[in-house]
Structure formats: C-alpha cells, structure tokens
Amino acid sequence: MSRIPFPPEDRSLSAYTGWGRAHWEAAADGLLTAALRHAGPHHALINLPGPRPSRSGPRSDGLEGYARTFLMAAFRVAGADGQDPPGLLDRYAEGLEAGTRSPTALREVTDRDPVSWPAVTDRGQAMVEAASIALALRLTRPWLWDGLSPRTRERAADWLAGALRHTPVDNNWWLFQVTVGGFLAETGHHVRAAEEAVRRGLDRIERWYTGDGWYTDGRPRAFDHYNGWAFHLYPVLHAHLSDDARALDRYGTRLADHLEQYTRTFGGDGAPLHQGRSLTYRFASTTALWAGALTGRGPLAPGATRRLASGTLRYFLDREEVRADGLLTLGWFGPCPPLVQSYSGPASPYWASKGFLGLLLPPGHPVWTEAEEPAPAERADSVLPLAGPGWLVQSTAADGLVRVHNHGSDNQPEDEVLADDPLYARLAYSTATAPAFAETADNHFALVVDGEASERGRITPLGTGENWAASAHRPRAGGVELPGVRVTSLVFAAGAQEVHAHLVTGATVGATVRHTGWAAAGDAVRTSVTDASARVRVTGRPLVSEAVALHGFTDATVMTPEDGTAFGPAAAFPALTGTVTAAECLFVSVLRLSGADAGGAERPDAGVAEGTHVGVTVRRSATGHRLLVQWPDGGRCEALIRSGAVAVTRDDTDGRGDS
C-alpha cells in the first residue's frame, strides 16, 4: 500500500488508471510533506538524506532541495488559485529571504552560516536551481513575491540575476537564463540584462533544433528526455506566461510536432522510455504532455493526455520502493547507483516536480473532466519512423510494450569520440528494459578483438522509413577505430518482431562478431538455448527476450550480467555469434521483446519457433547485398545494403503486425 493517503479510485471517469486531479494533488502533498521534514533553519536549505552528495557538494544540494520542491509547491498552489492551507508559500518566502541574505562562493561556505545559498557562477549548479526558483516565483507572484518587502525582493532579484551574467553549460542550460530573465523582466529588475538573456538563450537553442519537433542537447546527436522537460517546456511556458502570441505560435508548433511522436514512446503501463541521462527524474517525462494541454498544442484528446500522465505517475508511485521514508530516491524503482550521473545529489530526483505542471490546469478543464482514453501504445500495433533522432518506434497493443530502435542518437561531442554511453549508444531501448550494468553490452553488435567487444562510437544515420531505420559506424576498440572497418546496420520491424542486418566490411577474415539482444530483468530469470536461438524469460514478470540466427551467425548463448539492470537484480540477454568469412560479410537475425500474461504464458505469437517463420533471403550482387524479408502475415520488405548505404526497395508491411 502507498504511504501517501490517496482518495479512492474513480474508475468511471478514469477507467485505465483510476486517478484524477485529486490524486495528483495528494501525490504532490505527500511528496512535499516528506521532503519538508528535512528543511534546515529558516527553510533556506532542504538537505535530503542520500548515499552521497553531488559533485557540487552538500550546500548546493541543499539549495537544490529548496528549489525543486518549491517548483512542485508552486504548481500546487497556483493551480489552486492561491489556496495554500499547509502554508507552503510562507515557508518558501522565509527561505528566499534567508538564503539570499549573503550569498557566498561554495569554497567559502562554513558551518557558521547554515542558510546562505551559493552564488551563481559560470556553469555552476546554482544556475539550474535559479531557474526553478524564478519559475516558481513567477507562478506564485500574487501570493508570495508581491508580499515581500522591497529589500527582500531586491536582494532576491540580485541573486537570481547572477544567472544572467554568468556562462551556462553549452546545452539546454541556456534556457535557465531565459526562465530567470523572463521573471526578472516581468518584475522590473535588471530589465535590460533580463531581456537580453531571454533573446540570447532563445537564439542559442536554434542551432540545436533539427526539425520535426526535435532538439539535440548541445552535442551533434544527443536526443533524449531533455527535449520534453527542457527544450519545449521553458520556451512554451515563457511564451504562455508572457502572453506572447507570436512566440507561442513558434514554440507551440514545435511542441505539437514533438508530441505527435513523443506520445508514442510511453508504454501501456505508463512507463516512459528508458533512454538518456537523468532518468532519476522519472515522471518529469510527462512535462511535455501537460505543456501541450496547457497551451492547447497537444495532439491527444484530453482524456488520453491524463491517461498517459496518470499512468506514468502511478508507474512509479505504485512501487513502494520508490519512496524510502516518503522520499524520491536516486534511481528508478528505488535506489540504483549505477544509473545516476555524478551531477545528481539526494534532491535531484525532485526535478520530477515538473511532472506536476498539469495542476496549473483548473479543475474544470477537459483534461480533468473528460473520460480517459487509451494510450497510443494500447490502440494497435504500430511502427513509426522518427527522422529527427533517427529512431524507429515499435509498439504492440497486446502487451503495451514500446521499443525504440536507435540509429541516430549517440551523445558524442563534436570534437572527439568518447566511450559509448549505455544510455545512448545501444541499438534499441524500451519501456520494459534497461541497459545491463556489465562490460558486455546488451542490444549491441560488436566485433570481438582480443577478447574486447568493439564500441559503436559516432553513429551516422542512413535514414528511416515506414518500418525501417539504418545507420553506419566505424567500430572502435581500445579507444581507437578499427582500421578500415565499417558496420552498416538496418532494422525492419513488424508486430513484436525485429529483423536486424549488419554488413561488416574491412574486417579480418576469421574475426568474431556478436549481436546481443534485450536484457530482461527481474527477481529471477529462466533461460534456454538451441544451436540457433536463445531465450530469456523473467520469473514473476511478464517479459520474454529472444534472438534467432537467420544468416551468418553460427552459435547462440545467453549472457547474465552480475549486477542486473535498473529493472531488477537478475538479468540475462540472448547473444548470437558468427565469424567474418569475407571482405564483406552480412549477418541477419530476428529479435523479439514480448509480454506475457500473469500466469507466465507468453502471448500467442511469442515463441522462438514462431520467430523462425520470418523468411529471409540474401543475395549478393555487384551492387551490394540484397535482403528480402517475408513476415508471417505475408508482408514483405526488401533492401539493398552496401557499405555505408542502405536503400529500401520494397515495403509491403503497411504497418501490419499480426506476427
């Protein structure tokens, strides 16, 4: 049972989740109550317990606790038209006055001063938190800011203005200046600098807009959840609060384009896509959904928006381990240290506060009053190409699983190639799996060199289509490219099945290749292996992962990472191996990630034997390798694969998924 006292479910209005606005209010109240128990003197710092501080140190973490919970409180109070029975705003007003009384550099912080906030500096964490505080103050201005003394307002404005004159990290951080500048310009403080910061920040993010509603986060191809909870949120909300119709048209149109695709990445159980950094922010993934409803730019019916958002909130809060002592933890389903980046501290998970943006919509808004409708993943099997990030979104209605095949996001900087980041470099991500915490990568194709599996490095997208996506990369081992070697990869998807083809060129004859599949995890797993296939089934959890060799591969096995994944301590994934036999060598397999019913029986189409019903024909010609795929339902796909190029010449699947 949840520790938060929720009202009874309302299945007449919310047939899928049972939750409505009252449940969101209860969730906010419960999370705030737990966090506020850890407030320090004058409520200036909220130092939450945790296994370690962030790299910015405990004082910065205390500011983060104040700022991020303040944002949740602001949504709660502003959405109630200023009604604040718990007296939340009085506490945050006291903290604002105390924290900005004598801001200090982090290196000068001492125990003799238990309340002062760290000053905003170049690329310092205080800049991030200044944005949350500024947005919270803007939303609650009639009930908090306008009641402060002139001296307190001036001092607070001076502290916030530090965000205008210092240099942000060159990515979504520019929008923190936009958010602070928007508030200060509105209140008449540091107006010239504030207006310039808004203009400068909005101009800066243009270089990262790739079209069709997608931004890359500072690096050439870094696509992740920051699109929703940063790049779309801040400009749209600033335009909305400024009543700037022109800006709202610009950024609202981009948000609408994004949501047409992003809404397809949520699972039928409410799970967001497990991909990218800062996943400990959890239900902040719903922020863009609410922003669309708030500005009238959402593509979904109001009831479908609530169904998705409430499903995501319940996905986490229904799991008791999320709340140790009522607090959000650094992890996914409870603490998960390997998932967490060094910039995160004990209060970082409260960036999830952004997920409560929907409380700004009044109780009478259709998003709260209309009946829930099914999520996109629940309606029908679907395969959707996303050209911007180079993704192929594959979902199945029977189990509500969403899989995203990645042929375009690598999070590599422009001027160097780093080691693969498991949250960006995998071939695919889903709403039911996470990358394994292990040296051997799941969902990966590698050449094995002296016992070391090659990395993907920089990904070159080769295109996406109705049921396919393709890319190329120069595999790397020991931090350097394998000389003259290239891997050209193609995936076709239909129903729950995915056919992968990898053309290896320039590798040494006799070299070993390995393709690994989905890492299924839980409390325990069962595995089975034949000469050409491998299967993993999670015990007590409806999930099956399997791989079948179709061309080029010669052996199958199962790999079991010792530390599991974010979804459980026991994990395993199938692996297929083969040998390079020529200067150009093609390897083809079929993979599946499938749900099963509570009794452990797989959905009717979920067997390894059934996977072999996918017919594959490979022909070599002077122009390349021609691959013909015939699905069990009669649909056909055909492609010509050459080194660094893929041309899909036939696709008769029409999105059918009766596999």
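**Notebook: helix packing and cores**

I looked up helix 6 (residues 174-187) and helix 8 (residues 226-242) and found them packed at an angle of about 15°, axes 9 Å apart. I took the axes as lines fitted to C-alpha atoms over the stretch in contact, with angles from 0 to 180 degrees between N-to-C directions. The helices are DSSP runs (H or I, at least four residues), numbered from the N terminus. Helix 6 and helix 8 are therefore roughly parallel (angles under 35 degrees).

This is a predicted model, in which local features need pLDDT of at least 70, side-chain atom pairs count only at pLDDT 80 or more, and totals for chains, interfaces and linings use all residues. Residues are numbered from 1 along each chain as its sequence is written, and side-chain values use heavy atoms, without hydrogens and water.

Next I checked helix 10 (residues 287-295). Nine of its nine residues are buried (under 20% relative accessible area, 1.4 Å probe, protein chains only). Among them are Trp290 and Gly292. The cover includes helix 1 (21-36), helix 8, helix 9 (245-262), helix 11 (302-317) and helix 12 (366-369). Glycine 296 follows helix 10, with a positive phi near 70°.

Then I turned to the cores. The largest nonpolar core has 133 residues (buried Ala, Val, Leu, Ile, Met, Phe, Trp, Tyr and Cys joined through side-chain atoms within 4.5 Å). Leu96, Ile133, Leu160 and Phe356 have the most contacts inside it. I noted another core apart from it, of 32 residues, including Ala477 and Cys585. Isoleucine 133 touches (heavy atoms within 4.5 Å) residues including Leu63, Phe70, Trp117 and Trp159, leaving out residues up to four places away in sequence.

Terms used
Buried means under 20% relative accessible area, exposed over 50%, partly exposed in between (1.4 Å probe, protein chains only). Helices (H or I, at least four residues) and strands (E, at least two) are DSSP runs, numbered from the N terminus. Angles under 35 degrees count as roughly parallel, over 145 as roughly antiparallel, 65 to 115 as roughly perpendicular and the rest as oblique.
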